[in-house]
Amino acid sequence: MATLKKKVHPGLIELDPEDAVIVVNYETHDIEVDADGSQRVVGKTPGVKQLKIRTLPDERDIPSFAQELTNKCKLISASKVGRVEQVLHQLVDRETAKPGPSSSRSSSSPYVHTFSDVDRQQLRQRNQERPSSALRPQQQQQQPPAEHVRFDDLDIYIENLYEEDIKDKARAANCIATLFRQAQHLEPLLSHATLLPTLARVLRDDGKRSVDLCMAIQSVWLVLSNFSQFHQLLVENQVGVLTIDILDLEIKRTEHRVKEEGITLREAAAKEAAGTANDKERRLLAVSQKQDRLMYLCAYLLLNLSEDPDIERKMQKKGIVVYLVKMLDRTNIELLILATAFLKKLSIYQENKDQMAACDVVSRLVGLMATDNEVLLLATLRLLHNLSFDSGLQDEMVKQGLLPKAVQLVKEVTFQQVALGLLYHISQDDRHKSMFIYTDAVTVILDLLMRVKDMTTTPELIALAVNLTQNSRIAEALCGGERLAMLLERAFLTRDELLFKVLRNLSQQADAATKAGFLPYLDQLALLLQGPEVDSDLFVEVLGILVNLDMPSCDWPSLIAKHDLLNLLAGYAQPGVTEDDILLELVMFMGVVCDEATAPQLVQTGLVSMMYELMGTKKEDDEFVLQITHSLLSLLECQATRAVLLDSTQVAFYLIDLLQDSNAEVVKAADQALTVISETDESWAAKLQALKFEAHNQVWLEACANGAPQQVTGDEAAEHVQEGQIQAYWQDRGEEELGMEDSMLLNIEDLQNAELWQKAGLLATDDNERVA
């Protein structure tokens, strides 16, 4: 059953246009939580909290006063102290110098309301923290001061929209936009019968003639788009379509100018920063700056409208992905943050991701990682993380040199989690694992493994470490010097099963020097298995490490005798009760430690009987079947365990049956085990030959037993092969057409027992009779 909870999202902090009041906007989200934990927003309620300033602080006391206000108001986070100081400065300036510029928000700054999406919160916070004129200084100069715009003159502003002079239209639109940014006028403006359709018509007819006119009208749409209940009004006036058309036009204009000038915007910006730009390049930058302001308004508006999945799909069909990717070539930081966050939202859909890949988005994003802006860098990493689920884009990231940059970002707490997730996705491909050796990945991962107190809080770190330790070169580097000893000491101290999982991966490397590093810690590993608080996950990882240390220099009999390991493990040998992971490790451990010294104890503790029982209960589990077969090979080489298996069980018939298994590794292991039986027990040699022959030639023997040889059709033979009953078939078409594979025929010179041949019906009683 779904439950409903509320969550408050703080929004814009601004100054009341008339009173000495700081207005804190916020939005309350009604969130429905399903039984499976999934959440969705079912309602949004805007709200306002007013902080009345009874006594104006002195200019020198504003920082401390702002901090005091922040501490008292729960809707203002500690990161917004700078914004509160800015609003207090505006209040002091207004109250001490009247008449003066209005204390309300700069007319150039759009009304920005809160959103539920994390990326939009980042964008809004960035918008609040920067000075109000940072993005649109030119636009601010062109718009009239807020105190000179009156709601009573609305009809005049609407009439001026019909003027022939485009500048008059732009001024009128700016005045209307100023009214929309004042909350007290929003309701009467929306109730006006012709205002919104008129603005949409003017934008459609004259938008191409003036960027200033476009920015003014887009500011109006942006204010309305911050409220979901007004989205239908925008759809009815075709605002989304008009906005995408504006983006298309401005991007084409930029491409045309760049082609004419023969230089990109980034190259022109670099020259301007170095003081070497010429007049054409400066003009190109000046035009692009105005375009950036317009694109920012358009992209933000579309981002708000995309809350509706149906509208988002329509945007995708209109090519919004292509436009956003092209925006990544711009130089304005705010626009880049917005475009990257919007692309991240769209990247969760396959068709959008494929379109980004076709537009070469990875090379653009890797280029953005050179920025010093933390917000842009984090947004870029998040988008790359989403795209890294695609193997083709992973290849492109490695090709573009992303790995060293991402590894360096792991060192910084702000980017650590996202960077680790990105590296984990790339490390899943074996082709890419070896590339990590050319970065600082080993040092960085080791440092984090030694410092993180609870590995469950950093699943990306453990996942990355587990993946990378499967590569022999990285594992060797991670165990070099005192590193392995440090990891082992840390693991024994924390008893963290995830850290032991990394060590288990290191222990399975073929390098003898790496395995030898574990030998001094065998006693501690054995004691850890006996600990009263050891859980199943930790038990599996520690036992797995011991299994991997299959070395001649490891004195298993002494270790087993010292810690009574086999009796301990016998307590876990309860199929159906003990977890399968533990049982599997027990089977493998028996195969590792079994020798003439430990074999009698394996029999006495009942571990051999447990393994035989598992043969039947786990016959459908390929991993169990393979590991049991491998362990049987070791047990059959020792006298004590071999006697029990051959005399008291049907293990030989079990192995014969495995020769028909579809898994080639299982067949190989079973054949090796049967070879050991034949070589160590002569009484079983002839029996196994007959059993092998019967298994390989079952169809033919059945035909012989029925009397005259019968022809077996290809379809019948194929049916028997599919059923796993036989690996070769016989057709009665003459010797030259004998259809039996050579590998499945028994060599007559290998069979010395005439009775066996007679039993099989292959040796004729009449000397003149041919072998059937």
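Biologist: Why is Ile560 called buried?

Modeller: Buried means under 20% relative accessible area, exposed over 50%, and partly exposed in between, with a 1.4 Å probe and protein chains only. Ile560 has a relative accessible area of 1%, so Ile560 is buried. A caution on sources: this is a predicted model, where local features need pLDDT of at least 70, side-chain atom pairs count only at pLDDT 80 or more, and totals for chains, interfaces and linings use all residues. Residues are numbered from 1 along each chain as its sequence is written, and side-chain values use heavy atoms, with hydrogens and water left out.

Biologist: Where is Ile560 found, and what does Ile560 touch?

Modeller: Ile560 is found in helix 32 (residues 556-563). Helices here are DSSP runs of H or I with at least four residues, strands are E runs of at least two, and both are numbered from the N terminus. Contact means heavy atoms within 4.5 Å. Not counting residues up to four places away in sequence, Ile560 touches Leu565, Leu566, Val593, Thr598 and Gln601. Thr598 is 38 residues from Ile560 along the chain, with 8.4 Å between their C-alpha atoms.

Biologist: What makes Tyr296 and Tyr300 an edge-to-face pair?

Modeller: Rings of Phe, Tyr and Trp (its six-membered ring) pair if their centres lie within 6.5 Å; planes under 30 degrees apart count as stacked, over 60 as edge-to-face and the rest as tilted. A search of the whole structure finds seven aromatic pairs. For Tyr296 and Tyr300, the centres are 5.7 Å apart and the planes stand at 80°, so the pair is edge-to-face. Both lie in helix 13 (residues 279-305), four residues apart, about one turn of the helix.

Biologist: Which parts does the pair of Phe653 and Trp684 tie together?

Modeller: Phe653 and Trp684 are edge-to-face, at 6.5 Å centre to centre and 75° between the planes. Phe653 lies in helix 39 (residues 651-658) and Trp684 in helix 41 (residues 682-696), so the pair ties together parts 31 residues apart in sequence.

Biologist: Why is Phe653 called partly exposed, and why does Trp684 count as buried?

Modeller: Phe653 has a relative accessible area of 41%, so Phe653 is partly exposed. Trp684 has 11% relative accessibility, so Trp684 counts as buried.

Biologist: Why does Glu585 count as buried, and what joins Glu585 to Arg504?

Modeller: Glu585 has 5% relative accessibility, so Glu585 counts as buried. A polar contact of 2.4 Å joins the side chains of Glu585 and Arg504. Such a contact is a pair of N or O atoms within 3.5 Å; within protein, one must be able to donate a hydrogen and the other to accept it, and residues adjacent in sequence count only if both atoms are side-chain atoms. Glu585 lies in helix 34 (residues 580-593).

Biologist: Where does pLDDT stay under 50?

Modeller: pLDDT is the predictor's confidence in each residue, from 0 to 100. pLDDT stays under 50 over residues 99-117 and over residues 126-142. The mean for the protein is 81, and 83% of its residues reach 70 or more. Where pLDDT is low, the predicted coordinates should not be read in detail.
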